[in-house]
Amino acid sequence: MNVKISLPDGSVREYPQGVKGSEIASSISEGLARVALAIEVNGEVRDLARPIDQDASVKILTWNDKGGKSTFWHSSAHLLAEALEALYPGVKFGIGPAIDNGFYYDVDLGDRPFGEEDLAAIEAKMKELAKKENIYSRRDVSKAEAMEFFTKKGDEYKTELITDLKDGSITFYEQGNFTDLCKGPHIPNTGFIKAVKLLNVAGAYWRGNEKNKMLKRIYGITFPKQKELEEYLHVLEEAKKRDHRKLGKELELFAFSEKVGMGLPLWLPKGTILRERLEQFLRKAQVRAGYDPVVTPHIGSKSLYVTSGHYEKYGKDSFQPIHTPDEGEEFLLKPMNCPHHCEIYKTKPRSYRDLPVRLAEFGTVYRYEQSGELHGLTRVRGFTQDDAHIFCRPDQVKEEFIKVIDLVLLVFRSLGFENYTAQVSLRDPENKVKYIGEDHLWERAEREIQEAADERGLQTVAVQGEAAFYGPKLDFMVKDALGRSWQLGTIQVDYQLPQRFELEYVGSDNQKHRPVMIHRAPFGSLERFVAVLIEHCAGNFPLWLAPDQIAVLPISERFNDYAKLVYDKLKEQDIRGILDDRDEKIGRKIRDAETKKIPYMLIVGEKEVAEEKVAVRKHGQGDQGSVLLEEFIGKFRTECAAPN
RNA sequence: GCCGAGAUAGCUCAGGGGUAGAGCAUCCCGCUCGUAACGGGAAGGUCGUGGGUUCAAUUCCCAUUCUCGGCUCCA
């Protein structure tokens, strides 16, 4: 009997029943068979060696497929385990999955001291074992048999896992001398793994539960070609160079002080310019889009947050209330701007004609993040949101959403983030009780968010169960220059706060109605955004943002007067920059300006003085030749205008 | 918060039971210079903080703070 196999190109071929993925691959082309790692059968990734008994649509997976990569890395985790077992007899294993970039294995090495120094030896062992081209073979085992195997081995983690599995659906995979509980799939043999790098070791709780024992998690990555590993390591190195914590220090953008407190960034003068430029840019765009700027205090009465519900949900895990000398007064550091904005909404009765009301504030909020979670500017305890709340009628949600999407995209485009996607976060349909708000409003809002995203041509993924408890949301992810994804802006629909604050408007029917609230922040937080921007452009900010746009460099002290004249002329035009009149050689001055990543250098010497010119040098590009100073200023002013 | 590693000059880092060292930055002197580091000199450190062991601690031990790598969490 034959089975009909349909291929991704739409063609259908017949094969004898029980045909293997590897045979299908060979029948398509020998080249494909050589690089085939796994096969997707009706959407499920499987081993190439597993027989196919029924009609199916299949796709041969290679390194270029996501499923191929994850299979490859999962198999690499097994190879790591095999190497560990060879080098550390008696080692116990937790889990070893593939992750976005590589794989890890959680292991219990007992009391043995173990650190990153040990990784090289394991790596060598892995390479040695890989060369053997051991086959990953799958075998069904009964629960009892599986239990017996790991009990005998003394691996209590595996036996715990087996306890939770159903008899009849348990499989082992074996390669070389290593056997693991695993549902697969795997690549055909270890020989595909040509390049191995173990990256780091970290603690990880067994099953992610802090009550459990902490295992050692060994992270690694592998590739089918040595060259690909080298490229990957190069990207890692590049990422290190671009680390915003490093550049933030070098370029004097921000700093932290133990005395001020962890997670509380200090913005230095140059960083402040950057930040304020971003603020001004968005402020302008928001005024154009019909937002009203507001300002609210950094603290608020505890009762404000009791009303909003934040106190109940986060109060205990937050900065503790501030007490005044007078009894009974309690204030909280503002963790959110929305309660304040709700109170602004309530300062006067609102008509349906007034809506939407859009209140915007660069509001600094304070949240008690766990100490281990703090990280540069991306995770801090005090940060400024480019926050705004749109109070609108239910029938305006979609239109407002579209407007917000436009604003977010303007921000991304203006800052050079060309690659972005969006996640539509929906309710968990199985568990509607978790959420607040009427069913029909949710359904409508979820539909309208999706429609709004589609109308603007956004590439979206919908994820169920990811909504906030108060409403569905749209989260934006950007890819930076190194291909890393960051979550930035967010737009969220909220039914809860209008209800809690009893917000109302009078409708055309002369009845009171409840507005819908939209929270939105295109940057997310200024701190996080600046961090991402630094890493995206490696500290080479676009001209309109650069803290120092120009360095004026006299060739020698003899030309300092002219240099000062040039510098003053630039200042008059609001051009930011420095005058380097140090007693140094021009090569040195250029080098320093290049290191500081200043976009333009104006070099002035004998020739320039005589002709009222400046010799222009661009950062990273070198000498651009001389032009008249006036001419340069004219061009520069056009070039440094903020986008809009 | 939890596990692990670390903290030495403004920065990057070396050293190690007998009260510290380099390069860069800083300051001074000389040079007056044409597109990525001019030469010489000086100054600069309670070796994160607090305890303990020791004749002696920056070094060993304990605690603590902060930083880093993860885990967990994230309005």
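Guide: The largest pocket holds about 1500 Å³ of space. Of its 48 lining residues, Met-336, Arg-367, Glu-369, Phe-383 and Gln-385 are the closest to its centre. This is a predicted model, in which local features need pLDDT of at least 70 and side-chain atom pairs count only at pLDDT 80 or more, while totals for chains, interfaces and linings use all residues. Residues are numbered from 1 along each chain as its sequence is written, and side-chain values use heavy atoms, with hydrogens and water left out.

Visitor: What makes a residue count in the lining of the largest pocket by class?

Guide: Ala, Val, Leu, Ile, Met, Phe, Trp, Tyr, Cys and Pro count as nonpolar, Asp, Glu, Lys and Arg as charged, and the others, Gly among them, as polar. The lining therefore divides into 17 nonpolar, 17 polar and 14 charged residues.

Visitor: Which residues of helix H20 are buried?

Guide: In H20 (residues 629-639) they are Leu-629, Phe-632, Ile-633 and Phe-636; buried means under 20% relative accessible area, exposed over 50%, with a 1.4 Å probe and protein chains only.

Visitor: Why are the buried residues of H20 said to line one face?

Guide: Seen down the axis of H20, they fall within an arc of 100 degrees, so they line one face of the helix. The arc is that of the directions from the helix axis to the C-beta atoms. Glu-630, Lys-635 and Thr-638 are exposed on the face turned away from the buried side.

Visitor: What do the buried residues of H20 pack against?

Guide: Their partners include helix H17 (560-572) and strand E35 (622-628), where contact means heavy atoms within 4.5 Å.

Definitions and conventions. Chains lettered and ligands numbered in written order. Helix = DSSP H or I, 4+ residues; strand = E, 2+ residues; numbered from the N terminus. 1 Å grid on protein atoms, 1.4 Å probe; cavity = no way out; pocket = protein on both sides within 12 Å on 5 of 7 lines; lining within 4 Å. Points joined across faces, edges and corners; volume = space filled by probe spheres on them.
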